[in-house]
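Welcome, and please take a moment to look over the sequence and the model. We will then walk through them together, one part at a time.

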Amino acid sequence: MPAAGYDVIVLGLGAMGSAAACHLARRGARVLGLDRFSPPHPHGSSSGKSRIIREAYFEHPAYVPMVQRAYELWETLERDSGRRLMVRTGGLMIGPPDGALVTGALLSARTHGLQHEVLDAGELKQRHPALHPGPGTVAVWEPRAGALFPEACVTAHLEQAVRAGATLKTDEPALSWTAGTNGIEVRTSAGRYGAERLLIACGAWTAGLLPELKLPLVVRRQVQLWFEPAETAKPGEFSPVRFPVFIWEDEPGRFIYGFPELGDGVKVARHQEGRAVDANEPGREVTDDDVRPIRAVLARLIPDANGRLLESAVCLYTNTPDSHFVLDFHPHHPRVLVASPCSGHGFKFASALGESMADLLLGSRPRLDLGLFRLDRFRPANPR
């Protein structure tokens with residue numbers, strides 16, 4: 001095993017790995033970051049020009065303190081890097097009043113005393129004429145929501161990591177790792193590296209580096225589409241000041257989400273409905289079969305957005321069975337931290353979770369409660 005030349009090796013330099021590398025290096029740790037591609041890249045989950053950041057978190061109230069800390073750290077990174085990383089547009093969680101989206105958003109808003117409004121269908125249509133809600137639809141409006149620019153966020157974290165002394169090696173896939181009494185060895189396509197600790201934050205490639213854990217992670221292909229506003233759209237109808245980011249539960253348990261015109265068209269996508277794929281062969285070509293169902297929803301709910309298709313892309317969701325993240329130490333190797341803040345809603349938290357990963361790897365207690373993300377929740381209750 002090579003000498004431990006580094007304090008921490010970070011495998012994967014997307015949203016989570018780049019943030020962790022930044023926070024680790026800023027605290028004086030000797031960091032080696034490795035990625036199979038050259039981030040920011042379109043092959044994983046940390047791309048697509050925009051990601052929603054929102055506070056009234058329908059998935060669980062426990063996420064609210066995390067996203068509040070993430071807001072603070074994104075703003076700090078924006079100042080430090082001189083890059084534009086975020087735009088505030090406000091956000092709408094739209095659906096039936098008893099649906100998972102609206103009830104969950106209201107639970108988080110009321111639990112944490114967040115600023116919000118509840119709009120009925122008429123009020124929603126009056127404020128945002130591009131939206132065509134049906135009778136009985138309601139919306140939870142939150143003013144602090146908006147969009148992050150993922151490629152800029154990853155770039156900013158990586159730049160700051162290097163500035164603080166981190167070593168980054170890209171286009172160098174990790175092939176295997178071993179943990180011994182003297183530390184960690186990582187073998188890549190180009191060589192072997194030693195470190196005291198290891199962070200595995202490889203997104204869709206995580207499970208392949210941890211076969212012994214049999215992690216129940218499923219990689220799904222997710223299509224993102226950008227549309228030119230239709231000819232019926234009024235000038236500025238989809239500008240950020242008039243059209244916020246949104247998630248819409250248009251059928252029970254089904255969600256569509258979207259963004260205003262941010263320079264590339266109106267972005268719209270389905271959440272959590274892509275087919276299971278191999279991360280190395282996800283099917284990058286977007287076909288009419290991908291586009292047609294989205295157009296049908298737009299024709300019904302946001303017809304002025306249903307113009308010419310400008311662009312399409314495929315990203316990867318790495319999903320857990322309960323859609324909560326994985327962030328915990330390896331059960332057999334306490335120097336190895338496994339991070340899969342995933343299931344299609346993790347990017348917004350990267351700044352805060354990068355801080356927490358640095359805490360964990362350097363022996364400090366994180367300021368955030370990470371109990372929801374323990375690995376042991378996947379173990380059988382009564383193993384035989």
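Predicted model: local features only at pLDDT ≥ 70, side-chain atom pairs only at ≥ 80, totals over all residues.

Residues are numbered from 1 along each chain as its sequence is written, and side-chain values use heavy atoms, with hydrogens and water left out.

Let us stay with strand 16 for a while. Four bridges join strand 15 (residues 254-258) to strand 16, and the two run antiparallel; strands count as paired if DSSP finds at least two bridges between them. Strand 16 (residues 266-271) also runs antiparallel to strand 13, again with four bridges. Here L225 stands opposite V268, and W226 stands opposite K267. How covered is strand 16? Six of its six residues are buried, where buried means under 20% relative accessible area, exposed over 50%, and partly exposed in between (1.4 Å probe, protein chains only).

Strand 13 (residues 218-227) is mostly covered too, with eight of its ten residues buried. Ten bridges join strand 13 to strand 17 (residues 309-319), in an antiparallel run, and V223 has V314 of strand 17 opposite it.

Now turn to another sheet, an open one of three strands in the order 3-8-4, with antiparallel pairing. Strand 3 (51-53) and strand 4 (86-88) each have a single partner strand, so they stand at the edges, with one side of each left without a neighbour in the sheet. On average, neighbouring strands of this sheet are turned by 25° against each other, direction ignored. Strand 4 is joined to strand 8 (residues 146-148) by three bridges, and M86 has L148 in strand 8 as its bridge partner.

Helix 2 lies across strand 3, strand 4 and strand 8, running at about 120° to strand 4. Angles run from 0 to 180 degrees between N-to-C directions, and axes are lines fitted to C-alpha atoms, for helices over the stretch in contact. Helix 2 also packs against helix 7 (residues 350-361) at an angle of about 95°, with their axes 7 Å apart. The two helices are therefore roughly perpendicular to each other, a term used for angles of 65 to 115 degrees; under 35 counts as roughly parallel, over 145 as roughly antiparallel and the rest as oblique. The contact (heavy atoms within 4.5 Å) is made by M66, R69, A70, L73 and W74 of helix 2 and A350, S351, A352, L353 and E355 of helix 7.
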